[in-house]
Amino acid sequence: MLYSLKNIMGLKMNAKLQVVIDSAGGQVALAEKTGYSQPTISRFLNHDKPDLIFCALAVIAINGQVSLKDLVDASELSTLFRALSLSRKAKKAVDTSQVSLL
């Protein structure tokens, strides 16, 4: 079943992540855009909960087509913004003009 990028709230995390992966052009494309490896993205999809930094970078990678609120619990957002400010990976991957997408 296809889902609108703006209508993924009711999906489980792995289904939400699959929508993001498809929107990015696949796992390899998302890996290149986020700085995470393809095997890590596969692990997020199939086993592990994605970390907060990855969720933010994934939203940016697909130009905000999915809201960060769709991927991250509201209670985790302040933790995410603190972590983003400290993350070397985020600083490397994110153009500061894209932060407004979050």
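This is a predicted model: local features need pLDDT of at least 70, side-chain atom pairs count only at pLDDT 80 or more; totals for chains, interfaces and linings use all residues.
Residues are numbered from 1 along each chain as its sequence is written, and side-chain values use heavy atoms, with hydrogens and water left out.

The protein chain contains 7 helices and 0 strands; helices (H or I, at least four residues) and strands (E, at least two) are DSSP runs, numbered from the N terminus. Read from that end, the order of elements is α-α-α-α-α-α-α. The chain has 102 residues, and 43% of them count as buried. Buried means under 20% relative accessible area, exposed means over 50%, and partly exposed lies in between, with a 1.4 Å probe and protein chains only. Among contacts in the protein chain with a separation of 6 or more, 56% are between residues 24 or more positions apart; contact means heavy atoms within 4.5 Å.

Helix H1 covers residues 13-24 and helix H2 covers residues 27-34. Their axes come within 7 Å and cross at roughly 85°, which makes H1 roughly perpendicular to H2. Axes are lines fitted to C-alpha atoms, for helices over the stretch in contact, and angles run from 0 to 180 degrees between N-to-C directions. Angles under 35 degrees count as roughly parallel, over 145 as roughly antiparallel, 65 to 115 as roughly perpendicular and the rest as oblique. On the H1 side the contact is made by Val20, Ile21 and Ala24, and on the H2 side by Gln27, Ala29, Leu30 and Lys33. The contact of H1 with H2 has 5 nonpolar, 1 polar and 1 charged residues. In this classification Ala, Val, Leu, Ile, Met, Phe, Trp, Tyr, Cys and Pro are nonpolar, Asp, Glu, Lys and Arg are charged, and the others, Gly among them, are polar. Within H2, the buried residues are Gln27, Ala29, Leu30, Ala31 and Thr34. Glycine 35 follows H2 and has a positive phi, near 85°.

H1 also meets helix H3 (residues 38-46), the two axes coming within 8 Å and crossing at roughly 145°. Here Asn14, Leu17, Gln18 and Ile21 of H1 are in contact with Ile41, Phe44 and Leu45 of H3. The contact of H1 with H3 is made up of 5 nonpolar, 2 polar and no charged residues.

Leucine 45, in helix H3, is buried at a relative accessible area of 10%. Leaving aside residues up to four places away in sequence, leucine 45 touches Asn14, Leu17, Gln18, Ile21 and Gln27. The C-alpha atoms of leucine 45 and alanine 15 are 8.1 Å apart, and the two residues are 30 residues apart in sequence. Leucine 11 lies in the segment before H1 and is also buried, with a relative accessible area of 15%. From leucine 11 to leucine 71 there are 60 residues in sequence and 10.0 Å in space, C-alpha to C-alpha.

The structure holds 1 salt bridge, defined as a side-chain nitrogen of Lys or Arg within 4 Å of a carboxyl oxygen of Asp or Glu. Arginine 43 and aspartate 48 form this salt bridge, with their closest N and O atoms 2.7 Å apart. Arginine 43 is partly exposed at 37% relative accessibility, and aspartate 48 is partly exposed at 33%.

Aspartate 51 sits in the loop between H3 and H4 and is partly exposed at 30% relative accessibility. Aspartate 51 touches Tyr36 and Phe44, not counting residues up to four places away in sequence.

Asparagine 63 lies in the loop between helix H4 (52-61) and helix H5 (68-71). Asparagine 63 is exposed, with a relative accessible area of 53%. Its phi is positive, about 55°, although asparagine 63 is not a glycine. Most residues other than glycine have a negative phi.
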